[in-house]
Amino acid sequence: GSLGANPMLGFKIRDFVTPQEVLPVCQTVFEIHMKHGMREKGKSRLKFLIEKWGREKFIAEFEKVFAEKNNLPENMAFPIPESKPDPVSDGDPAFMCVELDITLGEIPAWQIREVAALVKRHGRGEACFTKEQEIEIPWVKTSAINSLKADLEKAGLRMKDRARSLRVTSCVGTEFCILAATNSQGAARDILKTYAPENTAKRNLLNGLTVSVSGCPNSCAKQQVADIGLVGSMGAVGEEKRFTYTLSIGGTIGADATGKPRVSIGQTVRKRVTEEMVVPTLDALLDVALELRNAGETFPQTMMRLGAANVEKMLDARLSDRAPIARRRVGLIAEKADAA
């Protein structure tokens with residue numbers, strides 16, 4: 001699987017491999033790609049070989065090569081370190097993994113030092129940075145949660161509530177990346193800082209939603225697997241080229257209500273969303289969900305039921321009178337008005 005400009009979902013070859021088989025599995029995939037992988041510019045990825053061959057042929061070749069690699073003397077003799085049991089026993093207290101809410105992954109040095117001290121005080125001296133741009137502290141005693149909350153508050157931090165908050169992630173965009181077309185961090189900040197629906201029902205639709213903003217099609221923010229995704233590029237607005245976003249909905253990496261894994265790539269519902277239209281477009285999207293959702297439905301469930309094609313038409317209808325005018329044309333109109 002891979003995202004990028006041509007997103008494709010991965011697929012399962014085996015349910016399980018032993019630790020001893022991990023090295024030959026990797027060797028197998030590497031060899032298949034080196035021998036048969038495509039070499040054209042932009043196509044030298046394993047996913048394009050699988051697209052060309054089909055899954056059945058790839059799996060057959062995998063099994064053939066794996067049998068050879070798995071029986072190599074050096075692989076059969078490869079030492080696998082024994083896993084050590086965790087020191088937690090039945091008599092020990094319960095533990096939790098605590099996630100901190102770090103807006104867009106940006107945190108000043110003084111707060112990082114505070115987190116380091118809290119990790120030592122309430123955890124086991126270790127922390128993780130997550131793909132959602134948060135900080136995760138494992139091995140926190142449940143009995144210490146209230147104490148941790150109080151210490152976090154003193155440091156100007158808080159615990160993440162996944163069910164009750166909007167989750168916005170962004171790549172660094174044009175602030176730091178030469179590949180980016182748009183200021184994705186700016187768009188993400190606009191959503192976080194300026195978007196607060198007065199309607200309580202609409203505001204509640206945001207709870208637990210993921211919004212990902214990438215400044216270019218390389219998908220560093222993984223917008224294709226977010227509930228709402230935005231990807232930047234140059235787009236035509238009238239006769240002018242401007243920085244714009246493509247809006248998608250329905251992406252997910254997770255599980256359904258029954259616990260069954262659910263992975264899907266988001267579908268495009270609007271193109272050429274200019275930077276000043278990001279928040280109004282998001283608001284219009286929530287209006288569609290609020291007006292047409294069935295009782296008890298979440299935003300993703302409503303979008304899935306309606307389908308991308310219908311949502312696209314509804315957004316066009318709601319935003320037709322707010323279509324951006326090319327700035328060059330606005331300038332000409334102003335010049336003519338001044339001359340008159």
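Trainee: What should I know about the model before I start?
Mentor: This is a predicted model, in which local features need pLDDT of at least 70, side-chain atom pairs count only at pLDDT 80 or more, and totals for chains, interfaces and linings use all residues. Residues are numbered from 1 along each chain as its sequence is written, and side-chain values use heavy atoms, with hydrogens and water left out.

Trainee: What is the mean pLDDT of the protein?
Mentor: The mean is 87, and 91% of the residues reach 70 or more; pLDDT is the predictor's confidence in each residue, from 0 to 100.

Trainee: Where is confidence lowest, and where is it highest?
Mentor: Helix H12 (residues 327–339) is lowest at a mean of 51, and helix H3 (residues 55–70) is highest at 96. Helices (H or I, at least four residues) and strands (E, at least two) are DSSP runs, numbered from the N terminus.

Trainee: On to the sheets. What is the order of the three strands in the open sheet?
Mentor: The order is E1-E3-E2, with antiparallel pairing. Two strands pair if DSSP finds at least two bridges between them. E1 and E2 stand at the edges with a single partner strand each, so one side of each has no neighbour in the sheet.

Trainee: How many bridges join E1 to E3?
Mentor: Five bridges join strand E1 (residues 95–100) to strand E3 (residues 135–141). Among the pairs, glutamate 99 has glutamate 136 as its bridge partner in E3, and leucine 100 has isoleucine 135.

Trainee: And which residue in E3 is the bridge partner of cysteine 128?
Mentor: That partner is glutamate 136. Strand E2 (residues 128–129) is joined to E3 by two bridges. In the hairpin of E2 and E3, five residues lie between the strands, and glutamine 133 takes a positive phi near 65°.

Trainee: Which helix lies across E1, E2 and E3?
Mentor: Helix H5 (residues 109–122) does, running at about 25° to E3. Helix H6 (residues 145–154) also packs on the sheet, touching E1 and E3, and its direction makes about 20° with that of E1. Contact means heavy atoms within 4.5 Å; axes are lines fitted to C-alpha atoms, for helices over the stretch in contact, and angles run from 0 to 180 degrees between N-to-C directions.

Trainee: What is the order of the five strands in the other open sheet?
Mentor: The order is E4-E5-E6-E7-E10, and the pairing is mixed. E4 and strand E10 (267–274) are the edge strands, each pairing on one side only. E5 and strand E6 (residues 228–237) pair in the parallel sense over four bridges, and serine 214 stands opposite valine 231 in E6.

Trainee: How much space lies in the second largest pocket?
Mentor: About 490 Å³ lies there. Of the 27 residues that line the second largest pocket, the closest to its centre are Arg158, Ser165, Leu166, Arg167 and Leu192. E4 gives the most to this lining, with three residues.

Note on methods: 1 Å grid on protein atoms, 1.4 Å probe; cavity = no way out; pocket = protein on both sides within 12 Å on 5 of 7 lines; lining within 4 Å. Points joined across faces, edges and corners; volume = space filled by probe spheres on them.
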